[in-house]
Amino acid sequence: MMLVSLQAASDYVRRDGDDDDDLLTVLIEAASSAVVNYLGAQAETVLGYDSDGEPVLESSDGIVADVPAVVRMATLYLTAWMYRNRDQNADEAFQPGYLPAPVTAMLYALRDPVIA
């Protein structure tokens, strides 16, 4: 499942050529999964899952249909962060178990609050 297209991510990271389409696709899938996991139970509501509890796909390429702009932007940002910082130690960039602060800031209002 991908929340943004390969072309949208490619444009966002401003890459030349398509030599690393496979890598960028994996990064999109990973970022999409991280965003959905962060949204938790609200992902179904935010992304408009069907009656089987699956996201409605735009086409056979696995791109989810009607993704809200803030979710697309958070996914693009996270994809770009992973693409540009492949060799960086992520533990030093942000706290383990958390997404980068700009991604969290974009998605926070959509997340279902958890009461401990």
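Student: What should I know about numbering and cut-offs here?
Tutor: Residues count from 1 along each chain as its sequence is written, and side-chain values use heavy atoms, leaving out hydrogens and water. As the model is predicted, side-chain atom pairs count only at pLDDT 80 or more, totals for chains, interfaces and linings use all residues, and local features need pLDDT of at least 70.

Student: How many helices and strands are in the chain?
Tutor: Helices (H or I, at least four residues) and strands (E, at least two) are DSSP runs, numbered from the N terminus. Along the sequence the pattern reads α-α-α-α-α-α. That gives six helices and zero strands.

Student: Is Arg 15 buried or exposed?
Tutor: Arg 15 sits in the loop between α1 (6-13) and α2 (21-39). Buried means under 20% relative accessible area, exposed over 50%, partly exposed in between (1.4 Å probe, protein chains only). Arg 15 has 12% relative accessibility, so it counts as buried.

Student: How are α2 and α4 oriented to each other?
Tutor: Their axes (lines fitted to C-alpha atoms over the stretch in contact, with angles from 0 to 180 degrees between N-to-C directions) come within 9 Å and cross at roughly 130°, α4 being residues 69-84. Angles under 35 degrees count as roughly parallel, over 145 as roughly antiparallel, 65 to 115 as roughly perpendicular and the rest as oblique. So α2 and α4 are oblique.
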